[in-house]
Amino acid sequence: MATQIVMDHTGDTRHYFDAKDAQALAKAEEQFKKLTGDGFTAAVRTSAGEVTRIRTFDPTAEETLFFPRLVGG
Amino acid sequence: MFLFRRSPVAARLRLRALRGLSRIFSSENSSEARGLRLLRSWLTSEQRAQFDAKRYFDVIGCDSRKRYRIHYGAMTNVHEIDAAGRPKVGWCFMPVGHLVAGDTMLAQKIALETNEFGALAVANSFPPKEMPPNIYVPC
């Protein structure tokens with residue numbers, strides 16, 4: 001199962017989907033576009049543990065993390 | 001079993017045990033605990049070891065290669081540090097939405113490691129103070 005993790009006031013909300021299911025994949029891509037369109041940053045981890053920012057949906061990513069836009073304090 | 005159920009002492013003990021389990025479950029599923037679990041799972045092994053030992057971890061900015069120290073907290077918790085680990089300047093930035101400390105720290109780490117100048121462009125700087133790693137003050 002692939003996961004989209006969205007940070008929120010509860011800690012995070014997770015959306016699980018089967019990356020082999022075309023319909024689920026399309027829905028996940030739609031969610032990706034909506035979140036990034038709303039200003040969220042999306043990031044994935046490489047196998048080496050390095051974090052990479054992504055701007056387009058990665059259907060092969062096991063885990064995609066989203067956090068809201070940054071502001072100065 | 002039947003006798004156990006009817007014993008008031010056993011019932012009280014069972015109730016106490018259930019309350020204890022409920023407390024543990026609640027604390028482990030609090031937003032704070034979830035945020036810290038998410039943070040730890042995304043740290044590198046070195047960062048995780050540093051965070052577990054000192055309640056802060058270091059990241060390298062992707063653009064300048066400068067070193068930053070992210071302390072436990074949700075604001076005024078990021079310091080640019082020198083080669084000796086002394087704070088040079090503080091940077092205050094966080095994601096919108098009142099996120100818990102673990103989430104905020106993870107967002108700060110990812111921002112500095114993948115879009116350092118973008119993060120600093122929105123951040124406010126502040127003079128660093130020598131302070132214990134667990135203490136932070138509001139902006």
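Predicted model: local features only at pLDDT ≥ 70, side-chain atom pairs only at ≥ 80, totals over all residues.
Guide: Residues are numbered from 1 along each chain as its sequence is written, and chains are lettered from A, with ligands numbered from 1, in the order in which they are written.

Visitor: What makes up the secondary structure of chain A?
Guide: Chain A has 1 helix and 6 strands. Helices (H or I, at least four residues) and strands (E, at least two) are DSSP runs, numbered from the N terminus. Along the sequence the pattern is β-β-α-β-β-β-β.

Visitor: Why is chain A called as compact as a globular protein of its length?
Guide: Set the value against the rule. The globule rule is 2.2 Å times the number of residues to the power 0.38, and the radius of gyration is taken over C-alpha atoms. For 73 residues the rule gives 11 Å; chain A has 12 Å, which is close, so the description holds. Its C-alpha atoms fill a box of roughly 40 × 30 × 25 Å along the principal axes.

Visitor: What makes Lys27(A) partly exposed?
Guide: Count the neighbours. A residue is buried if 20 or more other C-beta atoms lie within 10 Å of its own, exposed if 12 or fewer, and partly exposed in between; C-beta atoms are placed from the backbone. Lys27(A) has 13, so it counts as partly exposed. Lys27(A) sits in helix α1 (residues 22-37) of chain A. In chain A, buried residues make up 23% of the 73 residues.

Visitor: Which strands form the open sheet of chain A, and in what order?
Guide: The order is β2-β1-β5-β3-β4, 5 strands with mixed pairing. Two strands pair if DSSP finds at least two bridges between them.

Visitor: Why are β2 (11-17) and β4 (51-54) of chain A called edge strands?
Guide: Each pairs on one side only. On average, neighbouring strands of this sheet are turned by 25° against each other, direction ignored. Axes are lines fitted to C-alpha atoms, for helices over the stretch in contact, and angles run from 0 to 180 degrees between N-to-C directions.

Visitor: How do you know that β3 (residues 41-45) and β4 of chain A pair?
Guide: They share 4 bridges, in the antiparallel sense. The cut-off is at least two, so they pair. Ala42(A) stands opposite Ile54(A) in β4(A).

Visitor: Which helices pack on this sheet?
Guide: α1(A) touches β1 (2-8), β2, β3 and β5 (63-67) of chain A, and its direction makes about 150° with that of β2(A). α5(B) touches β1, β2, β3, β4 and β5 of chain A, at about 80° to β4(A). Two residues are in contact if their C-beta atoms, placed from the backbone, lie within 7 Å.

Visitor: Why is α5(B) called largely enclosed?
Guide: 13 of its 14 residues are buried, so the rest of the structure largely encloses α5(B). This helix covers residues 101-114 and reaches 20 Å from its first C-alpha to its last.

Visitor: What makes a nonpolar core, and which residues have the most contacts inside the largest one?
Guide: A nonpolar core is a set of buried Ala, Val, Leu, Ile, Met, Phe, Trp, Tyr and Cys residues joined through C-beta atoms within 7 Å. The largest has 38 residues, and Leu39(B), Leu106(B), Ala107(B) and Ala119(B) have the most contacts inside it. Its largest share, 7 residues, comes from α5(B). Leaving aside neighbours within four places in sequence, Leu106(B) is in contact with Leu38(B), Leu39(B) and Trp42(B).

Visitor: Where does a positive phi occur in the hairpin of β1(B) and β2(B)?
Guide: Arg65(B), in the turn, has a positive phi of about 65°, and 6 residues lie between the strands. β1(B) and β2(B) run antiparallel over 5 bridges.

Notes
Expected span 1.5 Å × (residues − 1).
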